[in-house]
There are 2 protein chains.
Amino acid sequence: MKIKVVKDLLESNDAVAINIKKRLKKYNIFAVNFMSSPGSGKTRILEKLIEKYYNKKRIAIIEGDVATTLDSERLAKHNVPVVQIDTEIFGGGCHLTAGLIEKALQDIQLSEIDMLFIENIGNLICPGSYNLGEDKKVIVLSITEGSEKPLKYPQMFRIADAVILNKIDLAPHLDTNVDDYVKNIKQINAKVPIYKISAKTNEGIDELIKWFDADMTE
Amino acid sequence: MKIKVVKDLLESNDAVAINIKKRLKKYNIFAVNFMSSPGSGKTRILEKLIEKYYNKKRIAIIEGDVATTLDSERLAKHNVPVVQIDTEIFGGGCHLTAGLIEKALQDIQLSEIDMLFIENIGNLICPGSYNLGEDKKVIVLSITEGSEKPLKYPQMFRIADAVILNKIDLAPHLDTNVDDYVKNIKQINAKVPIYKISAKTNEGIDELIKWFDADMTE
């Protein structure tokens, strides 16, 4: 009975996601859904991407949080349109849904953007079950989280179109081996591209940009 | 309709949790539910607590994960009884429930333990809604996650009986201020005790032990 309810929810979510995808395609918008644990550095990565695409691509952001507008305030400073979704209003939801994205899109002029970045709720489990009409799902994993995380939270890594290993600058200060992260990600998803970056020092950001650019012209 | 389903689930969970609490009380067992984002260092903290309580208190562990037995293997090396719950078998659940704890307790000799440590699924949202019959809820936050996290995920900090700020040894390498973490936790839960520790260097572990010991004799 409980499983039935969940299945119905996911199916109705998918129906909305398909409509979103069609609508974004019509406007030739490339949409990316960024998912991760809390504190992996998603917002900082988005700030870097906005800087890099300045004067090249017009970006809009949908910012998902449980509470506060802290992240959207950070991003709005970069002069891009940002729509905040706080799920606490909807009972503290642990993931974004296609229905929430559809509502948020009402506040974005689709004819005036080229890329849509969706920052999902910080949660390495639930957001993975909800399609949002995006072109790509990108999973961010901070190397402070422990290299076994892809094995312990496999679903996110199974569905990933790319994995970003962030905070690579901290490697010398951790009892962790970056190669173990790569090995464990590959064990779950052998072909997924992995980008080792530091949103603090800029290391690896250009390679990530190349991946986006290649996918947009697909 | 969806909200009704969730409400029913929480109420039936609470009924089971009350029974667990009674049963643990009967055996004079002190139970702690550790909750956090993935990678905050819960397992390593448990390893330290097991070491510190060696020959003083008999500990059992219930280890919650989505997948793998990696953490329970780590903990079992310390010669304590460990019961693993992998929620992927139940559809990839994002939190432990009282029903799962009740099942796990069938594999623990309650007359032979003094403390039960429950390591919840790594998730800073969903586990906060499910009572497990524990005496104390302890939230672990790594100082790599960003000091605004208590504001962005307030529910976990509202219900916390104590907050552990872990990985304090990394402070010199981060653009973060430990005082900001304390300030933001207090903004959500003014009276909650906060323990700044490093499960790597042992800093602060003894203060945490004192808090447990004081609570056990309450």
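The exercises below, each with a worked solution, concern a predicted model.

**Exercise 1. Nonpolar core**

Find how many residues the largest nonpolar core has and which residues have the most contacts inside it. Then list what A:L116 is in contact with, leaving aside its neighbours within four places in sequence.

Solution. 
- Step 1. The largest nonpolar core contains 92 residues.
- Step 2. A:L116 and B:L116 have the most contacts inside that core.
- Step 3. With neighbours within four places in sequence left aside, A:L116 is in contact with A:L24, A:I29, A:F30, A:A31, A:V32, A:A60, A:I61, A:I62, A:L105 and A:I108.
- Step 4. As background, nonpolar side chains in soluble globular proteins tend to be buried together.

**Exercise 2. A helix pair in chain B**

Describe how helix α2 (residues 42-52) and helix α8 (residues 205-216) of chain B are placed, by the distance and angle between their axes. Then classify the residues in their contact.

Solution. 
- Step 1. The axes of α2(B) and α8(B) come within 11 Å, and they cross at roughly 70 degrees.
- Step 2. Angles of 65 to 115 degrees count as roughly perpendicular, and α2(B) and α8(B) are therefore roughly perpendicular to each other.
- Step 3. On the α2(B) side the contact involves B:I45, B:K48, B:L49 and B:K52; on the α8(B) side it involves B:I205, B:D206, B:L208, B:I209 and B:F212.
- Step 4. Sorted by class, this contact has six nonpolar and three charged residues, and no polar ones.

**Exercise 3. Burial in two helices**

Determine which residues of α2(A) are buried, and what the buried residues of α7(B) pack against.

Solution. 
- Step 1. The buried residues in α2(A) are A:K42, A:T43, A:I45, A:L46, A:E47, A:K48, A:L49 and A:I50.
- Step 2. Because eight of its 11 residues are buried, α2(A) is largely enclosed by the rest of the structure.
- Step 3. In helix α7 (residues 178-188) of chain B, the buried residues are B:V178, B:Y181, B:V182, B:N184 and B:I185.
- Step 4. The buried residues of α7(B) pack against β5 (136-142), α5 (149-152), α6 (154-158), β6 (162-166) and β7 (194-196) of chain B.
- Step 5. At the start of α7(B), a side-chain oxygen of B:N177 comes within 2.9 Å of the backbone nitrogen of B:D179.

**Exercise 4. Surroundings of A:S72**

State whether A:S72 is buried or exposed, and identify the backbone oxygen that its side chain reaches.

Solution. 
- Step 1. A:S72 belongs to helix α3 (residues 70-76) of chain A.
- Step 2. Its relative accessible area is 9%; buried means under 20%, so A:S72 is buried.
- Step 3. The side chain of A:S72 reaches the backbone oxygen of A:T69 at 3.1 Å.
- Step 4. Not counting residues up to four places away in sequence, A:S72 touches A:E63, A:V82 and A:Q84.

Definitions and conventions:
Residues numbered from 1 in each chain as written. Chains lettered and ligands numbered in written order. Predicted model: local features only at pLDDT ≥ 70, side-chain atom pairs only at ≥ 80, totals over all residues. Heavy atoms only, no water. Core = buried A, V, L, I, M, F, W, Y, C linked by side-chain atoms within 4.5 Å. Buried < 20%, exposed > 50% of the residue type's maximum accessible area, 1.4 Å probe, protein only. Contact = heavy atoms within 4.5 Å. Axes fitted to C-alpha atoms, helices over the stretch in contact; angles between N-to-C directions. Helix = DSSP H or I, 4+ residues; strand = E, 2+ residues; numbered from the N terminus. Parallel < 35°, antiparallel > 145°, perpendicular 65-115°, else oblique. Nonpolar A, V, L, I, M, F, W, Y, C, P; charged D, E, K, R; others polar. Polar contact = N/O pair within 3.5 Å; in protein donor to acceptor, adjacent residues only side chain to side chain.
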